[in-house]
Amino acid sequence: MDTATLVSDQVEDGARLIKALELAGFEITAAFWVLPTDEGDWHLYIASPVVENQGLSEAFGQVLPHLLPGRFPSITHSDIRLIGSQNPMVARAVQFRHQKVPLKFKGRTLGKMIIDEAYLYPREMA
């Protein structure tokens with residue numbers, strides 16, 4: 001299977017989206033791009049306690065207004081995966097949040113998901 005390449009526009013737009021969400025008061029535990037082994041596309045995972053406390057629909061309701069056309073051109077709503085802060089993927093990702101720069105992660109798994117690669121944002125960006 002051909003795998004997609006995560007491009008710098010996606011990385012930059014992801015960082016800007018994360019910052020915009022945090023400035024709007026949307027709490028983020030971790031944020032990372034993931035290329036699952038069984039899929040050919042990257043997805044931006046945003047972990048937040050909002051998912052657990054208010055539900056997935058409410059969380060998406062707070063995120064979607066930030067995805068106005070042209071604001072983050074390389075990210076669509078279908079690229080985003082909102083997950084709760086207790087998701088096993090998050091436990092692994094937060095181990096790397098102390099890094100000063102984003103980290104490419106080429107482990108075989110992230111939590112329970114089998115992956116080809118991940119791109120983890122540091123605390124300053126997420």
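Trainee: Which residue just after α1 takes a positive phi?
Mentor: Happy to start there. This is a predicted model, in which local features need pLDDT of at least 70, side-chain atom pairs count only at pLDDT 80 or more, and totals for chains, interfaces and linings use all residues. Residues are numbered from 1 along each chain as its sequence is written, and side-chain values use heavy atoms, with hydrogens and water left out. Just after α1, a positive phi of about 95° is taken by Gly 25.

Trainee: What pattern does the chain follow along the sequence?
Mentor: Helices (H or I, at least four residues) and strands (E, at least two) are DSSP runs, numbered from the N terminus. The chain has four helices and six strands. Read along the sequence, they give α-β-β-α-α-β-α-β-β-β.

Trainee: How far apart are the end C-alpha atoms of helix α1?
Mentor: The expected span of a helix is 1.5 Å times one less than its number of residues. For the 16 residues of α1 (residues 8-23) that should be 22 Å, which agrees with the end C-alpha atoms being apart by 23 Å.

Trainee: Which elements cover the buried residues of α1?
Mentor: Buried means under 20% relative accessible area, exposed over 50%, and partly exposed in between (1.4 Å probe, protein chains only). The buried residues of α1 include Val 11, Leu 17, Ile 18 and Leu 21. Their cover includes β1 (30-36), β2 (43-47), α3 (56-63), β3 (80-83) and β6 (113-120).

Trainee: What does Leu 17 touch, not counting residues up to four places away in sequence?
Mentor: Contact means heavy atoms within 4.5 Å. By that rule, and with those sequence neighbours not counted, Leu 17 touches Leu 44, Ile 46, His 66, Leu 67, Phe 72, Ile 75 and Ile 80.

Trainee: Is Asp 13 buried or exposed?
Mentor: Asp 13 is found in helix α1. Its relative accessibility is 8%, so Asp 13 counts as buried.

Trainee: Which side chain has a polar contact of 2.7 Å with that of Asp 13?
Mentor: A polar contact is a pair of N or O atoms within 3.5 Å; within protein, one must be able to donate a hydrogen and the other to accept it, and residues adjacent in sequence count only if both atoms are side-chain atoms. The contact of 2.7 Å is with the side chain of Ser 74.

Trainee: How many degrees lie between the planes of Phe 32 and Tyr 45?
Mentor: Rings of Phe, Tyr and Trp (its six-membered ring) pair if their centres lie within 6.5 Å; planes under 30 degrees apart count as stacked, over 60 as edge-to-face and the rest as tilted. The structure holds two aromatic pairs. Phe 32 and Tyr 45 form a stacked one, 5.8 Å centre to centre, with an angle between the planes of 10°.
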